[in-house]
Amino acid sequence: MLAKKDNRTQETKNSVQVEFLSGVKAELPLMIGVVPFGMIYGILALSAGLPASAAQAMSVIIFAGSSQFVSAQLFSLSVPAVINIFTVGVINLRHTLYSASIAPYLQKLPNRWKWSLGYLLTDEAYAVSIIHYQEKDDGRNKHWFFLGAGLTLWTTWQLSTAVGVFLGASVPASWSLDFTLALTFIALTVPYLKDRASLGAALSGGVIAVIAFNLPLKLGLLVAAIIGILVGLSLERKS
Amino acid sequence: MSIWLPIFLSGLLTYSMRLSFIVFYGRINMPDLMQRALRFVPPAVFTAIFLPELVLSEGTLDLTLGNGRLLAGMVAILVAWRTKNVILTIVIGMLTLWILQALIS
């Protein structure tokens with residue numbers, strides 16, 4: 001009886017470790033894109049006139065790459081703080097969608113898990129975790145996968161920011177390393193367009209984002225997301 | 001002070017949006033339609049992030065062969081579709097872009 005219980009605890013422990021490490025492993029390839037992005041942000045924040053401490057603190061406190069780029073630029077233009085904060089909020093609104101999408105899987109977790117995983121809910125951690133959650137298997141410890149992926153991204157983002165901010169290592173624009181970001185999202189999207197409805201959601205979202213690209217505050221992304229989701233829904237209904 | 005307060009408030013705003021549904025799910029009823037809609041968040045949002053990077057150069061549509069990012073992106077889409085391999089997609093996409101840029105210049 002006791003031995004059996006020990007076995008079960010051991011199994012859970014193994015599964016926790018396996019999940020955590022698979023999360024790390026799933027996230028690591030994305031770091032090819034995150035590292036140059038973090039370094040470019042660090043350089044840009046300094047050239048926008050932010051002190052190194054604030055540039056690094058933004059990576060910890062806001063922890064959302066593209067909004068940090070824009071916010072740093074707005075600081076250099078001395079726009080009113082309210083507009084800066086509002087802009088960050090609009091750019092990061094997509095995280096509300098990620099939150100809604102992943103919430104059902106986190107429902108049974110204790111609050112300390114919810115509050116920690118919420119902090120780690122970035123584009124890249126969400127992408128690999130939602131794929132993992134949607135796989136049809138026993139999912140008791142999948143939050144450890146999310147944690148592994150989230151911490152991998154967090155650590156890499158802080159370190160690559162620091163390299164840009166404190167070492168001043170610059171990346172020549174002619175290397176086009178910013179393109180790794182687009183490539184990362186291609187790798188995270190294309191293999192999962194398995195049915196007509198998700199393909200329709202992707203195509204319409206993409207096309208609207210192109211058309212609406214010049215809307216202020218990156219609002220085009222949000223309009224595109226909403227239209228893409230609606231197109232997906234309507235295609236799913238028809239079939 | 002003039003920068004620290006906005007940074008903290010921006011962070012707080014971002015964190016509360018990330019937490020929003022995670023904390024309130026279960027306490028409020030999410031309509032069935034919304035549940036099904038959420039399946040389309042990844043394809044719609046992610047494509048909306050990457051497609052403009054391929055077809056726009058400096059804000060204007062460029063669907064010509066001179067647009068290296070478009071061709072490299074199409075190669076990457078093909079690699080992602082056939083291999084499902086993240087590293088391969090990024091590496092081949094990047095190499096293609098560099099080769100094209102070297103040819104064009």
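Colleague: Before we start, what counts as a helix here?
Modeller: A helix is a DSSP run of H or I with at least four residues, numbered from the N terminus. This is a predicted model, and A:Ala52 lies in helix H3 of chain A, residues 52–61.

Colleague: Is A:Ala52 buried or exposed, or partly exposed?
Modeller: A:Ala52 is partly exposed, because 15 other C-beta atoms lie within 10 Å. Being buried would take 20 or more, and being exposed 12 or fewer.

Colleague: Which residues is A:Ala52 in contact with, leaving aside neighbours within four places in sequence?
Modeller: Those are A:Leu46, A:Val165 and A:Phe166.

Colleague: Let's zoom out. How many helices and strands does chain A have?
Modeller: Chain A has 12 helices and zero strands. Its C-alpha trace spans about 70 × 50 × 35 Å along the principal axes.

Colleague: What share of chain A is buried?
Modeller: The buried share is 44% of its 239 residues. As for contacts in chain A with a separation of 6 or more, 75% of them join residues 24 or more positions apart.

Colleague: Switching to chain B, what is the span of helix H4?
Modeller: H4 of chain B covers residues 68–83, which is 16 residues, and reaches 22 Å from first C-alpha to last, close to the 22 Å expected. Its buried residues include B:Gly68, B:Ala72, B:Ala76 and B:Val79.

Colleague: Where do the buried residues sit around the axis of H4(B)?
Modeller: They fall within an arc of 120 degrees, so they line one face of the helix. In general, an α-helix has 3.6 residues a turn, so residues three or four places apart point the same way.

Colleague: What do they pack against?
Modeller: The buried residues of H4(B) pack against helix H10 (179–189) of chain A, and against helices H3 (41–55) and H5 (86–104) of chain B. Just after H4(B), B:Lys84 has a positive phi of about 55 degrees.

Colleague: Back to chain A. What about H12?
Modeller: H12 of chain A, residues 219–238, has 20 residues and reaches 29 Å, close to the 28 Å expected. Among its buried residues are A:Leu221, A:Ala224, A:Ala225 and A:Gly228. The buried residues of H12(A) pack against H6 and H11 (196–211) of chain A, along with H2 (32–37) and H3 of chain B.

Colleague: Which residues touch the most other members of the largest nonpolar core?
Modeller: A:Ile186, A:Ala225, B:Ala44 and B:Ala48 do, in a core of 88 residues. H3(B) supplies the largest share of this core, nine residues.

Colleague: Which residues does B:Ala48 contact?
Modeller: Leaving aside neighbours within four places in sequence, B:Ala48 is in contact with A:Gly205, A:Gly206, A:Ala209, A:Leu221, A:Ala224, A:Ala225 and A:Gly228.

Colleague: Last one: how is chain B split into domains?
Modeller: The domain assignment gives domain 1 (1–30) and domain 2 (40–104). The C-alpha centres of these two domains of chain B lie 32 Å apart.

Technical notes
Residues are numbered from 1 along each chain as its sequence is written. Chains are lettered from A and ligands numbered from 1 in the order in which they are written. This is a predicted model: local features need pLDDT of at least 70, side-chain atom pairs count only at pLDDT 80 or more; totals for chains, interfaces and linings use all residues. Helices (H or I, at least four residues) and strands (E, at least two) are DSSP runs, numbered from the N terminus. Two residues are in contact if their C-beta atoms, placed from the backbone, lie within 7 Å. The expected span of a helix is 1.5 Å times one less than its number of residues. The arc is that of the directions from the helix axis to the C-beta atoms. Domain bounds come from an automatic or database domain assignment. A nonpolar core is a set of buried Ala, Val, Leu, Ile, Met, Phe, Trp, Tyr and Cys residues joined through C-beta atoms within 7 Å.
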